[in-house]
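The following explanation is intended for a reader meeting this structure for the first time. It begins with the surroundings of the ligand and then turns to selected places along the chain.

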Amino acid sequence: MDKALLSKTAAAMVAKGKGILAADESSGTCETRFKSVGVECTEDSRRAYRGILFTTTGIEQFVSGVILFDETIRQKTTDGVPFAQYLAKKGIIPGIKVDKGIHDLALAPGEKVTEGLDGLAKRLAEYFALGARFAKWRAVITIGDGIPTHACLYANAHALARYAAACQAASIVPVIEPEVLLNGPHTIERCEEVSEATLRATYAALAAHNVSFEHTILKASMVVSGKDCSRQAGVDEVAERTVRVLKRTVPAAQPGVVFLSGGQSDVSATAHLNAMAAMKGLPWPLTFSFSRALQNPALNTWKGQSANVAAAQRALYHRAHMNGLACQGRWKPELEKQVA
Ligand code: 13P
């Protein structure tokens, strides 16, 4: 466990004005996203698309790290440079998704647990050799009638803690992602309650497994109204509730908190991040680790056509720029209109 390297990586991930591009969609998720824009999903089209994202000129001003999928960390740019090496040369830290996806939690209808602990230490050593300096593991918590259960919260917290400990032992910074899904008709009050319980369980497990808080990054979901709830909370309420939950549960020793976008619209995710980052006296930097809210405009512009590559890159640059401002509380809605 190289603590100096872990500290350096974690600090760079949440450096001022920068956040993380999540580009670690599994091939199945990629297929759904590509289908929505009429692109056939093959190993080569995934490589081409990721190549477009990573070679966008200037994104390193706003992007500190990129989360790669197992397939992607083994792929190369059209010039034959491995993506991880290409990114590192650009000053962007390569990261890697190491969980093996969500599976039904036995005897817990409607609930999921994330798998992937078997053989993890060996995989981490290989990923380190391939250039990865941080990792991601996503747990999924669903809100519904009588759920989440205690069993679900603790099974996921335990897996996150074992994953985080294995990462630190391999000198890889663990990004700990317990995502509370926004799907459903639940209120924002219920989301706040579940988010707090989720983070409490997660941090108790991390402590029990001797995980060093100083060398972890939390990837949190924002506290929002359920997608089908009749009352949709405004930006300030989302920001206040999210920060309240984080302050109650996340140790100040943690170097930073990054947010997933979770299905929020691009601009909502940016507006929420901006409102939180603008608050005074927070114990940690807050920034983004979005997939959809960074990539959607680029993917919708690209549509698999080489003639659209430059415009797709402009779309990604714009969203990265907006979020780079938002994580400093310097974004304004008017800036969205200036998109090329
Ligand atoms: P979204 O921003 O699309 O929620 O994705 C972030 C992520 O990495 C999910 O694990």
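**The ligand and its surroundings**

Strand S6, which spans 134-141, and strand S10, which spans 286-290, each contribute at least two residues to the shell around the ligand. The model is a predicted one, and the descriptions below should be read accordingly. The shell comprises 13 residues, of which Lys-136, Lys-219, Ser-261, Gly-262 and Arg-292 come nearest to the ligand. Sorted by class, the residues of this shell are three nonpolar, four polar and six charged.

Lys-219 places a polar side-chain atom 2.7 Å from an oxygen atom of the ligand. In Ser-291 the atom concerned belongs to the backbone: a polar backbone atom there is 2.8 Å from an oxygen atom of the ligand. On its own, the ligand has 300 Å² of accessible area, and the protein covers 93% of that area.

Is Ser-261 buried or exposed? Its relative accessible area is 4%, and Ser-261 is therefore buried, since the limit for that class is under 20%. Ala-165 is 96 residues away from Ser-261 along the chain, and the C-alpha atoms of the two are separated by 26 Å.

**Backbone features in the loops**

The next part concerns the backbone. Most peptide bonds are trans, and most residues other than glycine have a negative phi. Against this background, the peptide bond from Ile-147 to Pro-148 is cis, with omega near 10 degrees. Pro-148 belongs to the loop between S6 and helix H7, the helix that covers 150-169.

Two residues other than glycine have a positive phi: in Ser-171 the angle is near 65 degrees, and in Asn-210 it is about 60 degrees. Ser-171 is found in the loop between H7 and strand S7 (173-180), whereas Asn-210 is found in the loop between helix H8 (188-208) and strand S8 (217-220). How do the two stand in terms of accessibility, buried or exposed? Ser-171 has a relative accessible area of 9% and is therefore buried. Asn-210, with a relative accessible area of 70%, is exposed, because the class of exposed residues begins over 50%.

**Other places along the chain**

Ile-172 also lies in the loop between H7 and S7. Its relative accessibility is 0%, so Ile-172 counts as buried. The C-alpha atom of Ile-172 is separated by 36 Å from that of Glu-336, a residue 164 positions away along the chain.

Two histidines complete the tour. His-150 has its place in helix H7, while His-186 is found in the loop between S7 and H8. Which of these is buried and which is exposed? His-150 counts as exposed because its relative accessibility is 58%; His-186, with a relative accessible area of 9%, is buried.

Each histidine may also be set beside a residue from another part of the sequence. His-150 and Thr-198 are 48 residues apart in sequence, and their C-alpha atoms are 9.5 Å apart in space. For His-186 and Gly-226, the separation in sequence is 40 residues and the distance from C-alpha to C-alpha is 4.8 Å.

Note on methods:
Residues are numbered from 1 along each chain as its sequence is written. This is a predicted model: local features need pLDDT of at least 70, side-chain atom pairs count only at pLDDT 80 or more; totals for chains, interfaces and linings use all residues. Side-chain values use heavy atoms; hydrogens and water are left out. A residue is near a molecule or strand if one of its heavy atoms lies within 4 Å of it. A polar contact is a pair of N or O atoms within 3.5 Å; within protein, one must be able to donate a hydrogen and the other to accept it, and residues adjacent in sequence count only if both atoms are side-chain atoms. Accessible areas come from the Shrake-Rupley method with a 1.4 Å probe; for residues, only the protein chains shown count as cover. Helices (H or I, at least four residues) and strands (E, at least two) are DSSP runs, numbered from the N terminus. Ala, Val, Leu, Ile, Met, Phe, Trp, Tyr, Cys and Pro count as nonpolar, Asp, Glu, Lys and Arg as charged, and the others, Gly among them, as polar. Buried means under 20% relative accessible area, exposed over 50%, partly exposed in between (1.4 Å probe, protein chains only).
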